[in-house]
Amino acid sequence: MRFVIPTLFGLEGLTADELRYIGFDNVTTENGRVFFDGDFEEMARANIRCRMGERVLLLLGQFTAESFEDLFQGVRAIDWDQWLDKKDAFPVKGWSLNSTLHSVPDCQKIIKKAIVERLSQRYKLSWFEESGPTVQVQFSIMKNEVMIMLDTSGAGLHKRGYRANAGAAPLRETLAAGMIDLAHVRQGSLVLDPMCGSGTLLVEAAMKARGISPGLMRRFACEKWSCFPEEVFKKERQAARSLIRKDIGFRARGFDIDKAAVELSRENAKKAHVDDLIEFRRQDVRRLVLPKNDCILLCNPPYGERLLDREAAEEIYEILGQRTPPAPGHSYYFITSHEEFETFYGRRADKRRKLYNGMLECQFYMYYKNHLGGDWNGKSNKSAGPRRVHA
Ligand SMILES: C[S@@+](CC[C@H](N)C(=O)[O-])C[C@H]1O[C@@H](n2cnc3c(N)ncnc32)[C@H](O)[C@@H]1O
């Protein structure tokens, strides 16, 4: 079987690395999606363990279609009865971009018709009541290239099960996981978030450090499929549980000016079984004091779009700049859509990466080299001392 994992733009390479690390074969990437090979075990394992992917889709067919007839024939050629029992519900959804077949509702109808025709031949039925488990059929058409897939996940993989309530502008868990990867959070790290909101960054970091798979607390659509072998999920969940580490040096501290946000973070950490690793406290970022020890600061400040107005956000960036001076062993990471973040923060990032927070194009600003005085306006922003090693 070939699988497709859609990702947020900018996280394709990291997701591919993660899948290779888990041990999947033939991992390849393209814009916004990652592919790999596997069987039912890998289907379950990817759902349970993948931190950055949005969902796991099973690829059933791939062909070119410039007409509805091409689409119909391509879909009918798939061995649908291998996947669908006669009572299963099989709704169809998808999207089309830069293609001759641009009407999504028409494509949906044609695909449904082709599946029904194929199943009618096999089951000798002219009517399908669709009263059984749902097997969601998903299609994508890009430049006339069609992919027909089954959604094995159901709810998106960012729904881990620990964040029933989110704050005002929460980060998607999959994006938070990507940022944590880029910040090289490890089992022994000390991680800070001075504006933690619902605590997503720290909870995700702690789960990763402890080895808690993101999908351990939830169920997946394919578990209910008639064709899915029993015991596979039980085995994979057991294997995932065996990866949980008890004694780790990881610690985290989260602050927010909003009392409700602090309480929410605590609740979320508890639900994720990492509350013993994270300390949350109400604190204004103006009072932030960094520890002397090595630490990683991750922050998703207001962008001046939804939470604060632009000027107030800019003032926060200035404060962040003052409270996080370059220091050996310290690294700082910020995500924002504000194009002039570096100007207000006061230093040019050592590295930046384009990431999308929902529809918002953002930059992830990374500061990890040790600086010796000067700011980037003063052109004396030389890197000094040993470069922080991200091993
Ligand atoms: C974009 S949200 C962070 C969302 C968070 N990453 C999450 O996933 O829920 C920004 C947070 O900054 C907090 N905040 C605003 N001004 C602050 C200040 N002066 N000091 C500390 N926190 C502040 C807000 O209360 C809000 O929770």
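## A salt bridge between Arg-45 and Glu-236

Arg-45 and Glu-236 join their side chains in a salt bridge, with 2.9 Å from N to O. The term stands for a side-chain nitrogen of Lys or Arg within 4 Å of a carboxyl oxygen of Asp or Glu. Across the interface of domain 1 and domain 2, the rule finds one salt bridge.

Keep in mind that this is a predicted model: local features need pLDDT of at least 70, side-chain atom pairs count only at pLDDT 80 or more, and totals for chains, interfaces and linings use all residues. Numbering starts from 1 along each chain as its sequence is written, and side-chain values use heavy atoms, with hydrogens and water left out.

## Where they touch

On the domain 1 side, 27 residues are in contact (heavy atoms within 4.5 Å) with 29 residues of domain 2. About 2,300 Å² is buried between the two domains, and carbon and sulfur atoms give 67% of that. Buried area here is the accessible area (1.4 Å probe) that two parts lose on being put together, summed over both. In domain 1, Phe-40, Ile-48 and Arg-51 lose the most area to domain 2, together 27% of what that side buries.
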